[in-house]
Amino acid sequence: MYKKTILKAVLFLATSALATQLNAASIGTYTFEDNAIADQLVSAQGQMYDGTDWLYANGESWSIYDNVDGWTSTSTPTDATDVSVSSFLSATQSSGSVSLDLDFSQTSAINAAGDDLAFFFLWDQTANSASVSINGTTQQLTFSDVFSDTGVQQVATSVNWNGTVNSNVKIMAASVELSDFGISLGDTLNGPIMIDLTSNTSTAMALSLAAALNSTAVPVPAAAWLFGTGLIALAGIARRKV
Amino acid sequence: MNKAYLLSLALLLPVHAGAVEQDSVYTWGQWANGVKPAAGPVAKVTPPPAQTPDVNFRANEASALLREAVTTPPRNIITGIGDANPSTPIQVAPPTSITPPPPPPALQ
């Protein structure tokens, strides 16, 4: 019986490995590991707009605004943690600054040669401001256009904004070097990245996503952990039977 | 024995020589005019350029199955991105302004 179970587990693992699709991640000339996107919105502060709804964050608690019910409690939005360039969280001029704490769950940013973290924004942000705080050090971001390898400007293809879907939306990027935040070359970034968004103009300060351009090795896949723990459990059951 | 052998050889050889077909591919007959040996002093002939056979053996193969398709780069997990459309202006600001709702009671 146990042999059959183990065989099933091995088959499951083999099938999972075969089904694993080869993926990459890149936004224009910015390339990074496919698990190196800041996928955790740890906490936030401020009133922000995601193109459809108004959200308010106070630490880890979130509220969403509805014209009928007003502010009600809600779950953490995924706009700033998914892999779509077209979704975003934004600060507007009339709603004040927004502060977001982002982190990586599948990898860690590492200080290697060149810039280590990249932030991507929608629309022209040169008149707005954003700053990144890591380890108590704050740095203002400098925005630049994003181009493909062949020099073609990159845009977001379907951005929801107040009931309309917009294409050809400009993408801007800003990158930082971890050495500027007191992290030595070769060391990893531990702890969240705090990014402050401020809109000084009528253009919303919209953060699309953040990525680690240099990250640690790919961790053991979940299937391997499942397989390992399954084997340990089977061993335990076998010992109890004996 | 030796004499008989040599005699029979002497008689038979001319018979064979006369029986040879003169224009056979086994002899240098008429067919060999213009043909030069591959080696030796007269072999300095520039061969014609090699011709590549113009045959498509994969005419019925779907392009997706060609070996070249394997070199396709990995799928990009980032979605919602593309090249700018040159026929329309790039959107540098949201299309409409929005009015934020009143802040939550905790903020007021």
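A residue is called buried here if 20 or more other C-beta atoms lie within 10 Å of its own, exposed if 12 or fewer do, and partly exposed in between, with C-beta atoms placed from the backbone. By that count, 38% of the 242 residues in chain A are buried. Keep in mind that this is a predicted model, where local features need pLDDT of at least 70, side-chain atom pairs count only at pLDDT 80 or more, and totals for chains, interfaces and linings use all residues. Residues are numbered from 1 along each chain as its sequence is written, while chains are lettered from A and ligands numbered from 1 in the order in which they are written.

Two residues are in contact if their C-beta atoms, placed from the backbone, lie within 7 Å. Take the chain A contacts between residues at least 6 apart in sequence, and 75% of them join residues at least 24 apart.

A nonpolar core is a set of buried Ala, Val, Leu, Ile, Met, Phe, Trp, Tyr and Cys residues joined through C-beta atoms within 7 Å. The largest one has 67 residues, and A:Leu117, A:Phe119, A:Leu207 and A:Ala211 have the most contacts inside it. Strand β18 (residues 205-212) of chain A is the top contributor to this core, with seven residues.

**Hairpins in a row**

Two strands pair if DSSP finds at least two bridges between them. β3(A) and β4(A) do this in the antiparallel sense over six bridges, with A:Ala44 partnered by A:Gly59 in β4(A). The hairpin they form has four residues between the strands, and A:Gly51 in the turn has a positive phi of about 95°. Next along, β4(A) and β5(A) also pair antiparallel, over four bridges, and A:Tyr56 has A:Ser63 in β5(A) as its bridge partner. One residue links β4(A) to β5(A) in that hairpin.

Most residues other than glycine have a negative phi. Here are two that go the other way.

| Residue | Phi | Loop in chain A |
|---|---|---|
| A:Asn162 | about 50° | between β14 (159-161) and β15 |

A:Asn135 counts as exposed because it has 12 C-beta neighbours inside 10 Å. A:Asn162 has 13 inside 10 Å, so it counts as partly exposed.

**Where chain B comes in**

The contact between the chains takes 43 residues from chain A and 28 residues from chain B. On the chain A side, β1(A) gives the most, with five residues. That side has 18 nonpolar, 22 polar and three charged residues, where Ala, Val, Leu, Ile, Met, Phe, Trp, Tyr, Cys and Pro count as nonpolar, Asp, Glu, Lys and Arg as charged, and the others, Gly among them, as polar. Two bridges join β1(A) to strand β1 (residues 75-76) of chain B, and the two strands run parallel. A:Ala24 stands opposite B:Asn76 in β1(B).

Chain B also has helix α1 (residues 2-19), with 18 residues. None of the 18 residues of α1(B) is buried, so the helix lies largely in the open.

Methods. The expected span of a helix is 1.5 Å times one less than its number of residues.
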